[in-house]
Amino acid sequence: MRFTLPVRMVAVATAALLAVAACSSTGPATEARTGIILGRSMDVTTLDISRSLCDTCQIYNSAVYETLIHASPDDGSLEPLLASSWKANTDNTEFTFTLRDDAVFSDGSPVEAKDVAWSWERLQNLGGSPSYFMSGVKSVEAPDAHTVVVTTSAPNSAFFNIVTASYMGVINSDVASENGATADKDAAKTDQAEQWFMANSAGSGQYQLGSYAEGSQLVLKANPNYWGTKPNFTDVTFKQVADSSAQLQQLQQGDIDVAMQLSFDALDQIKSDANITSSVVPSYNFVYVGLAPGAPGGAALKNVKVREAFRKAIDYDAVIDATVAGQGEKQSTAIPNGFEGTDGLTLPEYDPDGAKALLAEAGYADGLKLEATYPNFTIYGVNFTTMFQSIQQSLKASGIELTLHPLEYTAWATLMGGDGAAVTSVYFAPDHPDTIQYVQYFGMIEGSSWLARSGTGVSAEETSLAAKALTQTGDARTATYNALGKAMYDDQIILPIVNPKYLLASSADVTGNNYDITRNLDLSRLSFKS
């Protein structure tokens with residue numbers, strides 16, 4: 001997770017379409033249980049797979065598009081999907097994929113190597129939020145219809161893991177090109193397909209886009225030409241339900257089948273309801289505070305002692321209790337607990353006296369005023385306003401006065417796409433099983449989203465360690481990732497607040513509700529009990 005910077009906010013549904021959708025003969029309130037309704041606060045700003053980067057996007061992309069290989073939900077091991085086999089050369093600079101010959105797009109045309117090459121080149125050349133997955137790729141070739149060869153400018157032992165990210169899904173290049181998409185080097189300026197993708201899809205997955213109404217719902221329809229196991233539903237509706245209490249109420253009333261962002265405060269109530277099936281599972285998700293010294297109002301944060309003081313002034317245990325009723329863990333840095341390299345990393349501790357001393361050393365003995373601008377949002381059971389109110393209270397003890405400015409999600413995303421905010425909060429869920437994604441997104445290295453956002457300089461140490469990790473495997477790579485974790489901790493830019501457990505809740509006749517490491521929710525595993 002993680003969010004997409006808005007490239008264009010497009011409402012593509014008319015009132016008539018909304019009326020038709022509202023009358024759909026699917027969902028829990030009808031007799032024909034052929035469609036399923038998921039309630040969540042949606043973080044969608046685009047449905048263009050090559051521009052998107054959000055939790056809802058992960059679910060959508062993996063249902064509508066497909067990757068060459070897939071990460072097993074059991075242990076993250078690699079499994080075939082559009083590719084039947086894959087191999088790398090000895091120094092991990094050339095990667096060859098052989099495509100299966102029976103996969104087709106939703107229009108019935110075959111998935112070919114040219115589509116893979118075009119999709120990945122477009123992802124790289126658009127320069128959008130998910131383009132970092134193509135970092136270091138020198139070329140993508142399609143020597144024949146069933147062979148894809150990727151060459152990287154430096155060793156990349158993580159590349160096969162990266163390929164499992166939903167944003168690496170394959171687009172029908174012929175259809176997309178006919179509707180304004182391009183993979184050319186100047187795609188960032190010349191591609192005109194984003195609005196088309198808001199109303200259409202061009203993938204090979206179990207589902208295809210039915211309709212999207214911003215702020216209301218996203219509807220998927222079963223792909224009648226799906227080449228693999230047929231989908232379990234005729235349609236899947238993501239219904240915009242903004243807060244946890246409303247999601248629980250609608251789940252209890254039968255208005256939705258799955259509630260995706262329930263608060264742990266309601267756990268006892270959920271467990272006691274015989275009409276709801278629930279479980280609490282570990283997750284790799286986390287919510288963090290991001291500090292941006294280069295943003296307006298962030299001048300004081302250019303001093304690393306001030307950023308360290310901010311970290312020390314947070315009462316993490318109190319925040320975790322306030323947000324997820326204690327159902328979460330502290331996390332050291334932007335590499336989540338359980339990922340390779342995290343063993344032994346220092347966890348943040350509440351130290352108000354230490355924070356005061358650091359502020360005094362930085363010239364703020366009389367206190368410091370900062371402003372936090374964040375989305376008025378609940379994700380993974382964490383309400384951002386509740387979280388910031390708790391942080392605000394603990395910061396006071398160290399002499400930091402934090403003024404809170406909650407915004408609606410789209411307004412906040414627009415702000416972050418412009419000047420940004422000195423203090424904000426965001427969330428992240430893994431896109432693939434390799435630690436390198438966190439370095440590429442959060443590290444102070446070239447191409448990192450948070451390097452640009454923070455306004456700080458490139459870290460030579462992190463750049464060197466990241467390159468080194470991609471030449472390694474086994475214990476050596478684990479040690480390098482650990483060193484990267486320590487360096488990112490010392491940046492004091494990304495301050496993880498909580499690694500929450502995940503509350504899965506659905507109506508009692510739903511089976512297969514899940515938390516998936518690359519898909520967020522794997523729709524192919526959901527079904528109604530027979």
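Biologist: Which residues does Trp 120 touch, not counting residues up to four places away in sequence?

Modeller: Please keep in mind that this is a predicted model. Leaving out those sequence neighbours, Trp 120 touches Leu 68, Phe 97, Met 134, Val 140, Val 148, Val 150, Phe 159, Val 163 and Met 168. In the largest nonpolar core, which has 163 residues, Trp 120 is among the four that touch the most other members, together with Phe 97, Phe 442 and Leu 523. Helix 3 (residues 113-126) gives the most to this core, with six residues.

Biologist: How many bridges join strand 8 to strand 9, and in which sense do they run?

Modeller: Pairing is read from the bridges between two strands. Strand 8 (residues 207-213) and strand 9 (residues 217-222) run antiparallel and are joined by six bridges, with three residues between them in a hairpin where Gly 215 takes a positive phi near 80°. Strand 9 also pairs with strand 10 (residues 235-240), in the antiparallel sense and over five bridges.

Biologist: What lies around Arg 311, and how far away is the nearest side chain of opposite charge?

Modeller: A salt bridge would need the charged atoms within 4 Å. Arg 311, in helix 10 (residues 304-312), is buried without a salt bridge, and the nearest side chain of opposite charge, Asp 490, is 6.8 Å away. The side chain of Arg 311 does make a polar contact of 2.7 Å with that of Gln 492, and its contacts beyond four places in sequence include Tyr 316, Ser 332 and Tyr 489.

Conventions
Residues numbered from 1 in each chain as written. Predicted model: local features only at pLDDT ≥ 70, side-chain atom pairs only at ≥ 80, totals over all residues. Heavy atoms only, no water. Helix = DSSP H or I, 4+ residues; strand = E, 2+ residues; numbered from the N terminus. Buried < 20%, exposed > 50% of the residue type's maximum accessible area, 1.4 Å probe, protein only. Lys, Arg positive; Asp, Glu negative; His and termini not counted. Polar contact = N/O pair within 3.5 Å; in protein donor to acceptor, adjacent residues only side chain to side chain. Contact = heavy atoms within 4.5 Å. Core = buried A, V, L, I, M, F, W, Y, C linked by side-chain atoms within 4.5 Å.
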